[in-house]
2 protein chains.
Amino acid sequence: MARWQPGTAARLQAAALELFATRGYERTTATEIAQSVGLTERTFFRHFTDKREVLFHGQHLLAEALLEGARGAPSEASPLDAVARALRSAAAFFPAERRPHSRIRKTVIDENPALQERELRKLADLGTTLTDTLRARGVDDLAATVAAQTGVAVFGVAFTRWVRDGEERAFEEIAAEVYGELLAQAGSAAPVR
Amino acid sequence: MARWQPGTAARLQAAALELFATRGYERTTATEIAQSVGLTERTFFRHFTDKREVLFHGQHLLAEALLEGARGAPSEASPLDAVARALRSAAAFFPAERRPHSRIRKTVIDENPALQERELRKLADLGTTLTDTLRARGVDDLAATVAAQTGVAVFGVAFTRWVRDGEERAFEEIAAEVYGELLAQAGSAAPVR
């Protein structure tokens, strides 16, 4: 089960976020991040290739949390049902104690176009990995792609809501609401002409 | 109706794509692009801020083509039906004669991570604009966001298929197939637990 683990990397991440948020991303150096928690620049670079990576480190755990649900779906589950399971299992990556961290991280990313583009890239990569996982279950290309990309869209909407100021519901509850909204809309949609 | 217009910018775009594809994006300069069609660097920079922009120029016409359908939907149309109309009207931006251009453009973008991230950003911007358009129709925030992001996911899948080698069907037909697949999957999905 993918879960957020504390440790040196996590301490550096927390310190980096603190500095990015107070001093600004551009004006913070890797050395300053390391020194602020009594570590050396060398230790920093043992964990991260550059300061941007601090914001994206550990994202493979999100992919794993997401894929776990899809992989564990019964063989008779439809591609979209496998995706719904993926959304539920992804919630393991977003426990309540992570939300303050995620909120600061989002503020930093929102202020820097290059970081926003990187974040979008990571989301797109999730879509590709999820598509591959569905294909490996024997789902055809069109069905796998549509289910995975729809799932990533739902995930993106749910995540954006989860980090919103004032939001207190769990990720899983929000994701279920967003997914339910999609099913309700699609269920009453006019058929394709 | 948003349509692809020839002219100086289009000539520069075609020349740039040709050079990007044969010589490589990194190794092509704005001056070389301009000179290859008998124009000056100064003319180039009157149309584009930099060589990257050549690949994204005119994308506001895509946004307009897309939004036209959503804006023109009858007031009683559901948000997802307005999005389906947007997908149909977006087809105006992808006439058959544009496909060779789009294929080369995609090859260039696929080889450069920074260009890929920029392309994802433009797609995300379409989602935001479409959400705003639905909100302006009086649709609530959750419904507007879900419909728009789902629409952008369908659009992305359809576009990827439209530019694939060997694909000869019109964009509108592909988009209808992808959207139909989404409705079929959602229609038979297990309800949210």
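**Interface between chain A and chain B**

In the predicted model, 41 residues from chain A and 41 residues from chain B take part in the contact between the two chains. The size of an interface is often expressed as the accessible area lost when the parts come together. For chain A and chain B, the buried area is about 3500 Å², and carbon and sulfur atoms account for 64% of this area. Within chain A, the residues that lose the most area to chain B are E117(A), L142(A) and Q185(A); together, these residues contribute 17% of what that side buries.

Polar and charged interactions also cross the interface. Between chain A and chain B, 8 residue pairs are in polar contact, with both residues at pLDDT 80 or more. The salt-bridge rule finds 6 salt bridges across the interface. One of the salt bridges joins D141(A) to R161(B), with 2.6 Å between the closest N and O atoms.

On the side of chain A that touches chain B, the elements giving two or more residues are α6 (79–90), α8 (113–136), α9 (141–162) and α10 (171–187). By class, this side of chain A comprises 22 nonpolar, 13 charged and 6 polar residues.

Chain A also carries an annotated segment. In an unreviewed UniProt entry, residues 29–48 of chain A are annotated as "DNA-binding region". In the model, the span 29–48 of chain A is 70% helix and 0% strand, and the C-alpha atoms at its ends lie 13 Å apart.

Key:
Residues numbered from 1 in each chain as written. Chains lettered and ligands numbered in written order. Predicted model: local features only at pLDDT ≥ 70, side-chain atom pairs only at ≥ 80, totals over all residues. Heavy atoms only, no water. UniProt positions renumbered as here; feature names shortened; annotations may be inferred. Helix = DSSP H or I, 4+ residues; strand = E, 2+ residues; numbered from the N terminus. Contact = heavy atoms within 4.5 Å. Buried area = accessible area lost by both parts, 1.4 Å probe. Salt bridge = Lys/Arg side-chain N within 4 Å of Asp/Glu carboxyl O. Polar contact = N/O pair within 3.5 Å; in protein donor to acceptor, adjacent residues only side chain to side chain. Nonpolar A, V, L, I, M, F, W, Y, C, P; charged D, E, K, R; others polar.
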